[in-house]
Structures are given as C-alpha cells and as structure tokens.
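We begin with overall shape and then turn to one pair of helices.

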Amino acid sequence: MANEESTYNPAAEAAGQGKDPKRSRLFAVCAAVGAGIVLFVLANLLFPLPSLKQMYLSKRNAVLMEKIEYLNQKTLLQAERLGELEMRDNKVYRPIFGMDEIPTAVRNAGYTSAARYSLLQDFDNAGFLTETVRRQDIIEKKATLQSKSFDDIEKISTHLEDMAHSIPTLFPVCPAGVSITSPFGYRLHPIFQSVFFHSGTDIAGQKGTPIYAAADGVVTDVKYSDNGYGNEVDINHGFGYSTRYAHLHAANVVKGQKVSRGDQIATMGSSGRATGVHLHYEVLYKSQQVNPRNFFDSKIDPKLYMTQVRSADKLKQ
Ligand SMILES: [Zn+2]
C-alpha cells in the first residue's frame with residue numbers, strides 16, 4: 001500500500017531503529033537545506049545569473065539604444081527637410097539674384113578627420129554610434145552653410161532696387177526705323193563667308209541714330225577697337241552686368257562717366273569691320289556674352305520708348 005508506506009510514523013521508526021525522532025527530523029532538514037545550497041551554487045556556476053547591477057545596466061542600455069534609434073530617425077527627417085531647402089536655394093532663390101549654385105560636393109562635405117570619431121570606438125555598437133554622430137555633423141555643417149547662403153541672399157535683396165537699375169533692359173536704340181539684322185548665336189559671317197559665333201545683336205538703322213545706355217552704370221572704355229569693332233563704348237552696370245556698343249559713328253561719353261538708363265552715349269555708324277551702318281550690341285554677364293534678346297523688348301512702342309528715354313534725361317536735370 002503506497003499510502004501506508006509513505007506515511008511517516010515516528011513511533012514505529014523510534015521502536016524499529018532506536019533513534020531520537022527530533023534529532024532525525026533536524027538532520028533531515030539540515031540535509032535538505034545543505035543539498036539546496038549545493039544545488040544553488042552548482043547551478044550558479046554552470047548557469048550564472050546576471051547580478052542586479054548587470055540587469056539594471058542591461059535594461060538601461062536597451063533604453064539608450066532605443067533613444068539613439070529615435071534620434072537616428074529624426075536625423076533622417078531633418079536631412080530630408082534640409083535637402084528640400086537646399087534644392088530651393090540652388091534652383092530658385094540664388095538664380096533670382098544672379099548667384100551661382102552651391103555645388104553638391106561643397107554642401108555635403110562633412111568632417112573628414114578620423115580622430116573626431118575615435119573616442120566612440122570604445123563603446124558597444126561603435127559603428128552605429130559613429131554613423132549617428134557623423135550624420136548629425138553633416139546636418140550641422142549643411143545647416144550652417146545654408147544659413148550663410150540665406151544671409152548672402154538677404155544682403156543682395158536689400159540692394160534689389162540698385163540691381164533693377166543695373167540690368168540692361170532698355171533696347172539701345174529707338175525701335176522706329178531700325179531692324180535686327182543679325183541675332184546672337186552661330187551664323188554665316190557676311191564678310192568671311194564661314195560659320196562664326198556672333199556674340200551680340202546687330203541692329204541696322206540710319207547713320208547718326210542715337211544710341212542709349214541700356215542701364216545705369218559707369219563707362220569703362222571709349223576707344224577705337226582694332227579687332228573689327230571700330231568705335232566702341234563699354235559700360236559696367238554692376239551686379240556682374242556690362243554692355244558693349246560697337247561700329248559707332250561717334251561716342252558722346254568719356255571713360256569714367258556715370259550714365260543712367262536712357263542716356264544717349266553714342267550715334268550709329270559703320271566703323272571697323274562692318275558691311276553697313278549698324279550697332280553691334282553685346283550684353284555680358286560675369287564677362288561672358290549672353291543673348292541680349294533675353295533682356296530687351298524691341299517691340300516696344302516707339303512713343304513709349306522715347307518717354308522712357310526723356311524721363312531718364314529729366315531725372316538727370
Ligand atoms: Zn555684330
């Protein structure tokens with residue numbers, strides 16, 4: 001009978017073995033406790049449990065990693081938004097004010113010194129940490145550059161009115177009785193009979209037709225040019241713009257003279273290498289010839305044109 005065998009009977013045990021039941025019980029308890037301790041020590045040796053401090057640090061480490069991951073995600077969002085600003089800056093804001101784009105290589109230049117990140121190499125997850133800090137460094141540099149670009153734009157925009165006066169927008173002769181005979185670009189040269197790049201716009205008219213300054217500026221040259229331009233007047237308008245007037249009959253200005261848009265500066269002629277009476281008119285931006293047609297309105301009503309020229313005269317008086 002299993003139940004009878006497992007039932008503890010101190011009287012029978014004392015009678016059968018002649019031992020003190022209390023001492024036996026105490027011995028059994030001590031043996032059980034001792035065995036428990038031995039098992040605990042053995043288990044700890046074979047399968048060591050983390051200490052409380054280790055558990056705390058491990059949990060803290062996990063929380064920190066979560067925070068760094070969150071920071072990483074925020075950094076990516078910031079980089080995306082900064083990228084949109086940079087794109088607008090390069091493609092919209094800077095071109096409006098005639099400023100060059102900031103090259104991508106300049107914008108993306110981070111810190112190249114390896115020593116900057118060497119301290120992070122001692123940490124767990126060193127690669128992850130280094131990448132996070134490096135991304136933030138790049139954003140910081142890009143943001144500083146962007147801020148400087150906006151400062152530059154602001155400085156230029158405060159001179160917007162001056163700039164508006166400096167852009168060569170006035171057709172250099174009254175449209176009545178003149179015609180554009182050769183546009184800017186490649187053409188067959190009328191004298192050499194070969195394809196040449198024509199760096200300006202030719203406007204044909206009567207000898208002595210008044211020629212007007214296309215914008216405010218300072219006369220930088222009045223000369224006879226041996227390169228075929230004959231009598232020539234050059235005006236620097238500032239903000240990167242200048243204009244050249246060639247094959248003139250005569251100049252009405254001197255070098256160093258300040259002129260306003262609409263001031264008469266010369267008369268039309270055929271000096272230099274010219275097949276007939278005409279003005280060879282160039283617009284230069286940052287010393288490069290550009291198409292003058294992008295600036296002037298040659299279809300303007302002649303009466304309105306003369307009003308603009310006379311109002312320039314009045315302003316000078
Ligand atoms: Zn020409």
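The radius of gyration is taken over C-alpha atoms, and the globule rule is 2.2 Å times the number of residues to the power 0.38. For a compact globule of 317 residues that rule gives a value near 20 Å, but this protein has 45 Å. Its C-alpha trace spans about 150 × 45 × 40 Å along the principal axes.

This is a predicted model: local features need pLDDT of at least 70, side-chain atom pairs count only at pLDDT 80 or more, and totals for chains, interfaces and linings use all residues. Residues are numbered from 1 along each chain as its sequence is written.

The protein holds 8 helices and 12 strands (DSSP runs numbered from the N terminus: H or I of at least four residues for helices, E of at least two for strands). Of its 317 residues, 21% count as buried, with 20 or more other C-beta atoms, placed from the backbone, within 10 Å of their own.

Now to the helix pair:

| Helix | Residues | Some contact residues |
|---|---|---|
| H4 | residues 52-96 | including Ile68, Leu71 and Tyr93 |
| H6 | residues 126-157 | including Leu129, Ile139 and Ile153 |

Contact here asks for C-beta atoms, placed from the backbone, within 7 Å. The axes of H4 and H6 come within 10 Å and cross at roughly 25°. That makes H4 roughly parallel to H6, a term for angles under 35 degrees. By class, their contact has 10 nonpolar, 7 polar and 5 charged residues; Ala, Val, Leu, Ile, Met, Phe, Trp, Tyr, Cys and Pro count as nonpolar, Asp, Glu, Lys and Arg as charged, and the others, Gly among them, as polar.

Key
A residue is buried if 20 or more other C-beta atoms lie within 10 Å of its own, exposed if 12 or fewer, and partly exposed in between; C-beta atoms are placed from the backbone. Axes are lines fitted to C-alpha atoms, for helices over the stretch in contact, and angles run from 0 to 180 degrees between N-to-C directions. Angles under 35 degrees count as roughly parallel, over 145 as roughly antiparallel, 65 to 115 as roughly perpendicular and the rest as oblique. Two residues are in contact if their C-beta atoms, placed from the backbone, lie within 7 Å.
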